[in-house]
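Work through the exercises below with the sequence and the model in view. Each task is followed by a solution in steps.

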Amino acid sequence: VYVQQQVIYTVKLFYTDAIGGDFPQAPVLPETVVEILENEKRYESIVNGRRYYVLEKRYAIFPQRSGNLVIPRERFNGQRGRSSIFARKQSVSAISESHTIIVNTIPSTFLGKDWVPAKGLALSETWAETSSTIRVGEPINRSIKLSVEGLSSNTLPPIEDFAANNAKVYVDPPTNENQVKEHGIEGIQTTTIGIV
């Protein structure tokens with residue numbers, strides 16, 4: 001991946017009996033932004049012909065510097081079984097593998113002002129007025145919506161330069177919104193412009 005590009009990181013705990021214990025916390029990684037995408041999804045799965053219960057959490061990870069990003073092993077410690085007069089809970093633990101992600105620097109061929117390492121980008125506009133006639137002195141409102149797949153909205157650069165010939169332009173500060181989708185975070189930045 002590149003610096004600031006989204007990595008989807010999924011942690012799954014597979015178990016066959018009733019268990020208790022704390023699911024591992026979100027990873028704490030140096031110079032990396034970690035956001036929770038999905039909190040404790042539960043379902044069943046068949047692995048090698050055996051039925052398991054699965055507890056899953058998903059995160060979006062945004063490395064902020066180049067080099068190797070090491071995600072350490074996930075560890076679960078808990079108890080299996082139900083307590084009763086005749087039986088005691090059994091201690092159980094599980095440890096995952098660690099993972100190393102190579103984070104590349106911004107390519108030297110990139111000559112733009114703002115680095116936006118997104119999977120997808122869409123720009124759209126809407127007008128508040130539906131009439132095709134514009135009168136001198138009456139305001140009209142235009143909204144510009146920037147949608148980016150794989151980045152948080154607070155990392156998006158503001159859209160600038162809305163100047164128009166023979167008109168006064170008033171730009172409101174952009175509003176930011178994040179939506180969690182199957183592919184991760186979608187950042188949405190909306191800028192409203194008043195034109196007179």
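A contact means heavy atoms within 4.5 Å. This is a predicted model, in which local features need pLDDT of at least 70, side-chain atom pairs count only at pLDDT 80 or more, and totals for chains, interfaces and linings use all residues. Residues are numbered from 1 along each chain as its sequence is written, and side-chain values use heavy atoms, with hydrogens and water left out.

**Exercise 1.** Find how many helices and strands the chain has.

Solution. Helices (H or I, at least four residues) and strands (E, at least two) are DSSP runs, numbered from the N terminus. The count gives 0 helices and 13 strands.

**Exercise 2.** Describe the extent of the chain and the range of its contacts.

Solution. Start with the C-alpha trace, which spans about 85 × 40 × 30 Å along its principal axes. Next, take the contacts between residues at least 6 apart in sequence: 67% of them join residues at least 24 apart.

**Exercise 3.** Locate Thr191 and decide whether Thr191 is buried or exposed.

Solution. First, the position: Thr191 belongs to strand 13, residues 184-195. Second, the cut-offs: buried means under 20% relative accessible area, exposed over 50%, partly exposed in between (1.4 Å probe, protein chains only). Third, the value: Thr191 has a relative accessible area of 2%, so Thr191 is buried. In the whole chain, 28% of the 196 residues are buried.

**Exercise 4.** Which residues does Thr191 touch, not counting those up to four places away in sequence?

Solution. The contacts of Thr191 are Arg142, Ser143, Ile144, Phe162, Val171, Asp172 and Pro174.
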